[in-house]
Amino acid sequence: MPDAAATPGYISALEPVMRLALDLASVEAPGAGADVPVGAIVLAPDGQVIGRGRNRCLADTDPTAHAEVVALRAAARAAGSWRLDCCSLFVTLEPCTMCAGALIAARIRRLVYGAPDPRAGAAGSLWDVVTDRRLGPPVEVIGGVLARECGEVISEFFARHRAAGGDSAAP
């Protein structure tokens, strides 16, 4: 994974798209029954946004409606194919194992994430599913893009959630 401090120009070029993902994460007002605020964007090779998603597990009563999966589904519809070769997935939180498997299945070439997830991350924090060659071609991983801002959105959500007496639902 490239070190954000070692490649500041390259990383800063990725920030505008990560800000789009952050905007998606922040669309829903936090409150009782709100989904964990994670946003995802799929970029086509030409740089166009072809998929957008935010967590919708609670909203859709669907355990697979993580931001990444929602964005991948939208991108596949837009592309007219389940194969998203040469596309990039930007997400505010490091993907879990389900989402890592989905982006491998979709043939995503590059994963860019904001905040690491030491509890469930599958792109290097807890597991490293996306670079396991036994599962397919490894995905280029760039972590830590706007990590502070992405992490704050999640931390603030859970702080409000705990203050309201909610349980600690997972992303």
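This is a predicted model: local features need pLDDT of at least 70, side-chain atom pairs count only at pLDDT 80 or more; totals for chains, interfaces and linings use all residues.
A polar contact is a pair of N or O atoms within 3.5 Å, where one atom must be able to donate a hydrogen and the other to accept it. Of its 171 residues, 44% count as buried, and among the contacts with a separation of 6 or more, 58% are made by residues 24 or more positions apart.

- Asp-35 is found in the loop that runs between helix H1 (8-25) and strand S1 (39-43).
- Although Asp-35 is buried, it has no salt bridge, and the nearest side chain of opposite charge, that of Arg-56, is 6.0 Å away.
- Arg-56 itself meets the side chain of Asp-60 in a salt bridge, at 2.7 Å from N to O; Arg-56 counts as partly exposed at 25% relative accessibility, and Asp-60 is likewise partly exposed, with a relative accessible area of 38%.

**Salt bridges**

- The structure holds eight salt bridges, one of which joins Arg-19 to Glu-149, with the closest N and O atoms 3.8 Å apart.
- Because Arg-19 lies in helix H1 and Glu-149 in helix H5 (residues 147-163), this pair ties together parts that are 130 residues apart in sequence.
- Arg-19 is partly exposed, with a relative accessible area of 40%, and Glu-149 also counts as partly exposed, at 22% relative accessibility.
- The side chains of Asp-132 and Arg-134 meet in another salt bridge, at 2.5 Å from N to O, and Arg-134 counts as exposed at 74% relative accessibility.
- Through salt bridges that share partners, Arg-19, Arg-148, Glu-149 and Glu-152 are joined into one network.

- Helix H3 (residues 67-79) has 13 residues and reaches 18 Å from its first C-alpha to its last, which is close to the 18 Å expected at 1.5 Å a residue.
- The buried residues of H3, including Val-69, Val-70 and Leu-72 as well as Glu-68, pack against S1, strand S2 (49-54), strand S3 (88-93) and helix H4 (97-105).
- H3 is followed by Gly-80, whose phi is positive, near 70°.
- Asp-85 is found in the loop between H3 and S3, where it counts as partly exposed at 35% relative accessibility.
- A polar contact of 3.4 Å joins the side chains of Asp-85 and Arg-83, while, leaving aside neighbours within four places in sequence, Asp-85 is in contact with Pro-45, Ala-106 and Arg-107.
- The C-alpha atoms of Asp-85 and Ala-44 are separated by 8.7 Å, although these residues are 41 apart along the chain.

- Thr-92 has its place in strand S3 and, at 2% relative accessibility, counts as buried.
- Not counting residues up to four places away in sequence, the residues that Thr-92 touches include Met-18, Leu-22, Pro-37, Gly-114 and Cys-150.
- A search of the whole structure finds one aromatic pair: the ring centres of Phe-157 and Phe-158 are 5.1 Å apart and the ring planes stand at 80°, so the pair is edge-to-face.
- Both Phe-157 and Phe-158 are buried.

How values were computed
Residues are numbered from 1 along each chain as its sequence is written. Side-chain values use heavy atoms; hydrogens and water are left out. Helices (H or I, at least four residues) and strands (E, at least two) are DSSP runs, numbered from the N terminus. Buried means under 20% relative accessible area, exposed over 50%, partly exposed in between (1.4 Å probe, protein chains only). Lys and Arg count as positive and Asp and Glu as negative; His and the chain ends are not counted. A salt bridge is a side-chain nitrogen of Lys or Arg within 4 Å of a carboxyl oxygen of Asp or Glu. Rings of Phe, Tyr and Trp (its six-membered ring) pair if their centres lie within 6.5 Å; planes under 30 degrees apart count as stacked, over 60 as edge-to-face and the rest as tilted. The expected span of a helix is 1.5 Å times one less than its number of residues. Contact means heavy atoms within 4.5 Å.
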